[in-house]
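Welcome! Here is a short briefing to read alongside the model, grouped by topic so that you can follow along.

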Amino acid sequence: MIGASAAAPAATFASLSVPGLDLPVVGQLFATPFERWLGTLALLVGVLAGSWAIRQVGRWLRSRYDPRGSLLEAVQAALIVALSAGAVVAVLVIWEASAEATAITEVLDPDSTTVVRGLVSLFLFVGAWGATVFVKRVTGLVFEEHDAFSRHQQEVTYHVLQLVLYTLAILVGLAVWGIDASDILLGAGFLSVVLGLAARQTLSSVLAGFVLLFGRPFDIGDWVSIDDREGVVTDVSVFNTEIRTFSDEYVTIPNDVVTATGLVNRSRRGRLRVDVEIGVDYDDDVERARELATETVRDLDREEIRTRPQPRTVLTGFGDSAVVLEVRFWIDDPTARRRWAAQTAVVAAVKEAFEREGITIPLPQRTLGGRPPDGLQIQSETRRPTPDENPDR
């Protein structure tokens with residue numbers, strides 16, 4: 001019995017044949033343990049070198065023929081898997097691992113029904129993958145033709161369709177294997193309730209993320225103010241919104257915080273009004289100062305400053321030392337850099353114009369005064385003497 005059992009794996013391994021490979025010759029080449037270890041090391045180096053070569057060739061092909069590289073990446077993965085499988089067979093042959101070969105043969109020798117189900121499942125997932133690639137190309141073309149949609153809306157649409165396609169493939173695959181999907185869904189229902197309670201904050205951020213991505217209160221590159229943070233939007237994901245502040249800090253804000261707090265988008269309309277306050281001395285001609293400030297800003301030759309709407313100057317109130325004027329003008333493509341550049345140019349130009357016309361921009365002043373001496377009255381008070389101070393006592 002024992003001899004027969006030992007002979008069976010040997011016979012199975014002997015039946016293992018590789019086209020173009022003479023197994024007895026291979027056994028003679030790797031007769032000693034040192035030769036077998038050397039051959040195994042050579043196989044390992046060959047697999048690593050082959051994988052590196054496949055990736056390099058794929059990168060070259062992708063740069064020339066397929067910039068997105070979806071199909072080439074799949075082909076690269078298939079070639080690396082095939083190379084690894086060949087290396088496994090070669091190791092079994094080198095070490096004459098009859099028992100391991102028999103175990104692999106038993107695992108890989110299913111009945112015809114299992115083979116058909118496995119092939120159908122494989123085709124389902126390959127078809128789902130191909131459908132997602134097709135959907136990505138189609139959505140890319142559709143969204144590129146319509147400027148009303150942002151890149152993030154395109155990504156969300158693609159991922160939603162991808163999830164739907166793979167879910168359908170999984171459900172059909174379960175049906176092929178005779179598994180009732182309702183049993184899995186019932187078990188997953190309780191688990192989803194537990195996970196929902198434990199991760200309600202995360203789920204809230206996810207829902208808020210979809211609201212932001214489809215509602216489009218801002219896009220990447222917009223200048224926004226969120227929760228006392230001001231900067232440029234650099235990324236919007238399903239969970240978080242990332243902005244880069246003007247101090248070069250990257251701030252990540254959960255999407256539920258973004259939707260729950262006040263949001264200011266300074267880039268929404270492609271223009272931004274900038275206000276500059278100027279003080280004019282009470283003794284100067286305020287109306288002339290207002291006209292001069294407006295003309296100065298209107299005559300400025302700056303690419304940031306718009307001519308429509310026209311700049312204007314209004315009186316906003318009485319200051320401690322001056323009448324306060326506010327110069328209002330608009331800039332194109334608002335960014336922090338363009339705003340500060342335009343504001344600096346306006347302040348310098350108005351100051352120069354006021355100095356040329358003799359209009360004073362006063363420094364803060366305070367006048368101290370008092371009542372005249374004649375207006376002060378000293379009230380006398382008659383005090384009764386104490387018994388100790390009474391001389392007549």
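Predicted model: local features only at pLDDT ≥ 70, side-chain atom pairs only at ≥ 80, totals over all residues.

Residues are numbered from 1 along each chain as its sequence is written, and side-chain values use heavy atoms, with hydrogens and water left out.

**Helix H12**

- Helix H12 covers residues 336–357, and its 22 residues should span 32 Å at 1.5 Å a residue, which agrees with end C-alpha atoms 32 Å apart. The expected span is 1.5 Å times one less than the number of residues.
- Several H12 residues are buried, among them Ala336, Ala342, Val346, Val350 and Phe354. Buried means under 20% relative accessible area, exposed over 50%, and partly exposed in between (1.4 Å probe, protein chains only).
- The cover over the buried residues of H12 includes E1, strand E6 (271–280), helix H11 (286–298) and strand E8 (323–332).

**The chain as a whole**

- The protein chain has 12 helices and eight strands. Helices (H or I, at least four residues) and strands (E, at least two) are DSSP runs, numbered from the N terminus.
- Of the 393 residues in the protein chain, 27% are buried.
- Taking contacts between residues at least 6 apart in sequence, 64% join residues at least 24 apart. A contact means heavy atoms within 4.5 Å.

**Confidence**

- The average pLDDT of the protein chain is 75, and 69% of the residues score at least 70. This score is the predictor's confidence in each residue, from 0 to 100.
- Over residues 1–22 pLDDT stays under 50, and the model has 17 contacts for them beyond four places in sequence.

**Regions from the UniProt record**

- An unreviewed UniProt entry places the feature "transmembrane region" at residues 36–54, 74–95, 115–135, 156–179 and 185–214. Such annotations may be inferred rather than shown by experiment.
- In the model, residues 36–54 are 100% helix and 0% strand, with end C-alpha atoms 27 Å apart.
- Residues 156–179 are 88% helix and 0% strand, and their end C-alpha atoms are 31 Å apart.

**The five-stranded sheet**

- An open, antiparallel sheet is built from five strands in the order E4-E3-E2-E1-E5. Two strands pair if DSSP finds at least two bridges between them.
- Strand E4 (250–254) and strand E5 (263–265) are the edge strands, each pairing on one side only.
- Strand E1 (residues 223–226) runs antiparallel to E5, and three bridges join them. Val224 stands opposite Asn265 in E5.
- Five bridges join strand E3 (residues 240–245) to E4, and Glu242 has Thr252 in E4 as its bridge partner.
- The hairpin of E3 and E4 has four residues between the strands, and Asp248 takes a positive phi near 60° there.

**A closer look at strand E4**

- Ile253 counts as buried because its relative accessibility is 6%.
- Leaving out residues up to four places away in sequence, Ile253 touches Ile226, Arg229, Asn240, Thr241, Ile243 and Val258.
- Ile253 and Asn240 are 13 residues apart along the chain, yet their C-alpha atoms are separated by 5.6 Å.
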